[in-house]
Amino acid sequence: MTALFISIEHELRNHTRYSTVLGCRFRQLAARRLSRDVAYASSVPQVCIVGSGPAGFYTAQQILKSCATAQVDMYEKLPVPFGLVRYGVAPDHPEVKNCINTFTQTAAKDRFSFLGNVNIGSDVTFSQLKKAYHAVVLAYGAAQDTALNIPGESLHNVLSAREFVGWYNGLPEDADLKVDLDVESVAVIGQGNVAVDVARVLLTPVDILKNTDIPENVLESLSSSRVKRVTLIGRRGPEHIALTIKELREMINLQGCRPLFRQDDYQHLRGLIPNLPRPRKRLLELLAKTALDKPDAKLASSWAASERDWSFRFLLSPREILAAPGGQAVCGILLGKNRLEGDGLNQRAVQTDETETLECGLVLRSIGYRGINIDSLLPFNEQLGTISNDGGRVTGHNGVYVSGWISTGPVGVILSTMTSGFSTGKAIVADIEAGLVDASQPRGGNVEIMNILKERGVRPVSFDEWTRLDKYEVEAGTKLGKPREKVCNIKQMMNIIYQ
């Protein structure tokens with residue numbers, strides 16, 4: 001547009017019908033327009049987001065919606081987007097992955113760029129991002145396991161639920177996980193949604209799972225599994241159970257499987273239920289009904305014909321994982337019995353001197369995740385595994401924000417992550433509008449970062465390039481009668497993307 005003004009001015013200056021005064025005024029107009037153009041270019045807020053899971057995409061969505069000039073660049077260490085939606089959501093819950101449609105719409109916007117295959121911390125440093133962008137959002141989740149720190153934890157077939165979930169979802173780093181399913185009994189330490197997910201995958205008939213996007217090599221392992229029993233262990237009582245009602249209902253109605261509940265564990269629940277908030281009330285009502293009431297004829301018939309079972313065990317904490325003769329494989333867990341102290345749902349578990357032993361051949365710990373620190377400059381809380389922040393604003397770092405689990409810890413479901421992402425996005429836009437984030441001076445954004453990556457021989461993957469792999473996986477899945485067959489090797493991913 002500025003070039004057009006200058007061209008018109010040149011023609012007017014040489015036209016005899018226009019006075020010298022008009023020519024001067026037009027030059028002033030062109031100069032003012034050029035000044036505005038330069039000011040506009042330098043006022044474009046450059047924002048980058050580290051992590052392409054739900055927290056990152058919901059934050060991006062809010063920024064693009066609320067700030068008409070912002071440019072948002074999203075960095076992801078894998079060549080593929082969507083984080084835990086692709087690699088964390090259970091394969092038999094395809095409806096939960098529908099948010100990918102919304103994320104794809106966000107990625108299609110002109111002011112958004114996806115840069116996959118870029119590891120922040122090694123390929124690019126946090127300091128380089130701060131220099132290149134007006135605002136930096138850390139939304140890379142909680143990818144580190146929480147350990148039990150008990151004897152025997154290093155034995156073969158003691159795994160984290162995170163690893164197991166990564167394995168059956170085709171996460172490249174866990175694709176070659178050694179899982180021995182030639183066992184009858186499995187112990188899961190934990191009673192949250194992830195614990196229930198791994199139990200359900202272990203117990204679901206393969207004829208059902210083969211219609212999901214579970215990788216073929218995992219299906220092969222599950223088809224030869226001898227697992228008949230899964231026990232989910234919690235340190236407190238049934239009133240403190242952490243799963244949601246949907247997951248509980250699925251377990252109760254799981255084909256070919258029955259719950260084995262000890263009625264004495266649940267007798268007290270009906271006295272607690274009337275005073276509870278509605279979501280917790282509904283969950284415990286279903287738990288008590290299943291444990292204490294006679295099932296209807298259809299369910300009773302299904303349970304009677306079942307060859308597999310699952311159960312909750314309460315007031316128990318693992319003290320030692322026991323080795324089979326030879327000392328390499330698991331044969332059981334030594335569990336300490338607990339008692340509860342305190343009031344209501346805030347009771348805490350206190351160990352007693354009593355113990356019991358649970359026989360099992362596979363142990364999956366599902367006691368939470370931790371975030372990792374990608375730079376020593378960040379105020380990382382080692383105890384919580386989060387980056388210290390106030391409402392998404394990182395403590396002591398103007399223009400640096402957090403979203404999702406690296407902010408809150410591993411709590412909630414995708415809906416709560418959406419809330420976190422929207423909140424952080426609004427905080428960023430508010431800070432830009434208030435001048436707390438100074439976007440008046442231009443920043444290099446992804447152009448500057450691309451130069452760094454080029455020097456280091458790193459080739460980023462764009463969103464359009466990812467869609468080649470997406471198409472490949474869907475076509476491969478169609479041939480197998482499933483939604484997709486994931487490529488689980490990064491080198492193979494890159495070959496398909498750049499073929």
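**Exercise 1. Characterise the second largest pocket: its volume, its lining and the helices that supply it.**

Step 1: volume. The second largest pocket has a volume of about 440 Å³. A pocket is defined on a 1 Å grid over the protein atoms alone, as an open set of points with protein on both sides within 12 Å along at least five of seven lines. Grid points are joined across faces, edges and corners, and the volume is the space filled by probe spheres set on them.

Step 2: lining. Lining residues have an atom within 4 Å of a point. There are 20 of them here, and the closest to the pocket centre are Lys97, Ile100, Asp213, Asp470 and Arg484.

Step 3: classes. The lining splits into eight nonpolar, six polar and six charged residues. Nonpolar covers Ala, Val, Leu, Ile, Met, Phe, Trp, Tyr, Cys and Pro; charged covers Asp, Glu, Lys and Arg; the others, Gly among them, count as polar.

Step 4: helices. H4 (83-87), H5 (99-107) and H18 (463-480) each supply at least two lining residues. H18 gives the most, with four. Helices (H or I, at least four residues) and strands (E, at least two) are DSSP runs, numbered from the N terminus.

Note on the model. This is a predicted model, with local features needing pLDDT of at least 70, side-chain atom pairs counted only at pLDDT 80 or more, and totals for chains, interfaces and linings using all residues. Residues are numbered from 1 along each chain as its sequence is written, and side-chain values use heavy atoms, with hydrogens and water left out.

**Exercise 2. Find the largest cavity and state what lines it.**

Step 1: count. The structure holds one cavity of 30 Å³ or more. A cavity is a set of grid points where a 1.4 Å probe fits but cannot get out.

Step 2: size. The volume of the largest cavity is about 40 Å³.

Step 3: lining. Asp145, Thr146, Ser160, Ala161, Arg162, Arg365, Ser366, Ile367, Gly368 and Tyr369 line the largest cavity. By class, that is three nonpolar, four polar and three charged residues.

**Exercise 3. Work out the strand order and pairing of the six-stranded sheet.**

Step 1: order. The sheet is open and reads S6-S14-S7-S8-S10-S9, with parallel pairing. S6 (158-160) and S9 (257-259) are the edge strands, each pairing on one side only. The twist averages 20° from one strand to the next.

Step 2: one pair. S7 (residues 185-189) and S14 (residues 362-365) pair in the parallel sense over four bridges. Two strands count as paired if DSSP finds at least two bridges between them. Within this pair, Ala187 stands opposite Val363 in S14.

Step 3: H7 (residues 161-168) lies across S6 and S14, at about 75° to S6. Axes are lines fitted to C-alpha atoms, for helices over the stretch in contact, and angles run from 0 to 180 degrees between N-to-C directions.

**Exercise 4. Compare the backbone and exposure of Asn117 and Leu315.**

Step 1: background. Most residues other than glycine have a negative phi.

Step 2: Asn117. Its phi is positive, about 65°. Asn117 is in the loop between S3 (112-115) and H6 (126-132). At 19% relative accessibility, Asn117 is buried.

Step 3: Leu315. Its phi is also positive, near 55°. Leu315 is in the loop between S10 (308-313) and S11. At 28% relative accessible area, Leu315 is partly exposed.

Note on methods. Buried < 20%, exposed > 50% of the residue type's maximum accessible area, 1.4 Å probe, protein only. Contact = heavy atoms within 4.5 Å.
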